[in-house]
Amino acid sequence: MSNALPLYAPQFAPQTITINPICQEIRKENFADKVTFYAPGLKQYSTGEYKDHSVTEFVSISVTGENCALDCEHCKSKSLHGMLDLMNFNGSMYDMCDRLAEKGTKGVLISGGSDIHGQVPLLKHIPDLIRARKDLGLAIRVHPGLPDEETCAGLAEVDVDGVMLDIIGDQETITEIYHLDKTPQDYEDVLERLHRYKLPAIPHIILGHYYGKMLGEWAALEMIKKYPPKTMVLVILMPLQGTGMVVEKLPSLDEIGSFFELSRKSLPQTPIILGCARPMGPMKLEIDKMALDAGLNGLAYPADGMVEYAREQGVDPNFINACCGVNW
C-alpha cells in the first residue's frame, strides 16, 4: 500500500478474526431481511451502485454557524462546515425550514457547536421547531450535546424523530478530547433523561476516540444497554486534516469487527447502524463488509460494492437520502 495515502485512508493490517455467524442469526430473528444504506445531504455521494443521491432531501442546519466553545481535538469545528448557517441567515429557524420545504426538503438535522457545558443552544428554537414539525411535516433530528431537563422537555414537545449524541465511557476522552468538565456518569444521566422524556435516543459510540485507542467504548455500550435506544450508531475515528487528532494507529480491523459482534449480541432487538464517520480508502471497504457480516442493520455512505455484497448475503438493500434510521 502506498505511503502517500493521506490520514483518512490509513494503512491497516488484514482482518484475522471471523465474525461469529450467530450475529446474522440474531439479525434474521429480529428484523426483516433488508439493509438500509443512508446518504444524508452533508456531502455529494455517488458510487457505481447508487447515483440517485439528493443533497436537498435531508439538510443539516447549524444554530451556531461554525462556532463551538469546546474545540474538541477530533473536530476543531470542522464537522460544522457544510451545514447551513442559521446565524447568517436572514430569518428565523422556521423561515429557513419553510424555505427548505418549498425546495423539496423532507427532513432536517438541527446541529451546532456546544457551549462550555457541552450543550448545543437549541432552547430558543423550540417554538420554531414545533411549528416546523406541525405545519411543514418535516422529520426533525437534533444534535443537542448533553441536554438538560428544560431542553429535553422542549424536544419532547417538538416530537423529534431522533436525538443524536455521542456517549463517552472514559474520563480521559471526556477531559482531553472534549475539554469538558464532565464524567461518564453525566453521559449516563443524559440517557436516563432522554428515556424519562420518551425521546427517541440515537446514541453514537466512536471507536478509537482517544487518539485512535479504544478505552471507554465498552463502558459506553454498557450504559446504552440500560436504556435501549431507538437506534444505536457506531462510527470510527476518522482523523480530519487540520485537527489535533493526528494519530499513527486507528483501531484494527479485528478490534472493530469484535466490537461490531459484541454490539449485535448486546442489543439484539435494537437497529444498529454504521454511521458516516470511518476511515476512507481500502480500509472502509473492509469495515463495511464486517458491518454486514456482523448483522448490522444499515450503513451510511456505503463503499462501492456493498449493494452486491448485501444481496450475496440474502438481504435486500435500499437507499434513503437521510441520517441513520430515518424512514419515510
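# Calling strands, helices and burial

Q: Which residue of β6 stands opposite Arg141?
A: Gly162 in β6 stands opposite Arg141. This is a predicted model, with local features needing pLDDT of at least 70, side-chain atom pairs pLDDT 80 or more, and totals for chains, interfaces and linings using all residues. Numbering starts from 1 along each chain as its sequence is written, and side-chain values use heavy atoms, without hydrogens or water.

Q: What makes β5 and β6 a pair?
A: Pairing requires that DSSP finds at least two bridges between two strands. Two bridges join β5 to β6 (residues 162-166), so the pair qualifies. The two strands run parallel. Strands here are DSSP runs of E, at least two residues, and helices are runs of H or I, at least four, numbered from the N terminus.

Q: How many bridges pair β4 with β5, and in which sense?
A: Four bridges, in the parallel sense, pair β4 (residues 107-111) with β5. Val108 stands opposite Ile140 in β5.

Q: What makes a right-handed unit of β4, α3 and β5?
A: With the strands pointing away from the viewer, the path from the first strand over the helix to the second must run clockwise. β4, α3 (residues 126-136) and β5 form such a right-handed β-α-β unit. So do β5, α4 (residues 149-158) and β6.

Q: Why is Thr231 called buried?
A: Buried means under 20% relative accessible area, exposed over 50%, and partly exposed in between (1.4 Å probe, protein chains only). Thr231 has 3%, so it is buried. Thr231 lies in the loop between α7 and β8 (232-236).

Q: Why is His117 called partly exposed?
A: The relative accessible area of His117 is 45%, so it falls in the partly exposed class. His117 sits in the loop between β4 and α3. Leaving out residues up to four places away in sequence, His117 touches Leu146, Leu180 and Lys182. Touching means heavy atoms within 4.5 Å.

Q: Why are α7 and α8 called roughly parallel?
A: The axes of α7 (residues 217-226) and α8 (residues 253-266) cross at roughly 15 degrees and come within 11 Å. Angles under 35 degrees count as roughly parallel, over 145 as roughly antiparallel, 65 to 115 as roughly perpendicular, and the rest as oblique. So α7 is roughly parallel to α8. Axes are lines fitted to C-alpha atoms over the stretch in contact, with angles from 0 to 180 degrees between N-to-C directions.

Q: Which residues of α7 make the contact with α8?
A: Glu217, Trp218, Leu221 and Lys225 of α7 meet Phe259, Leu262, Ser263 and Ser266 of α8.
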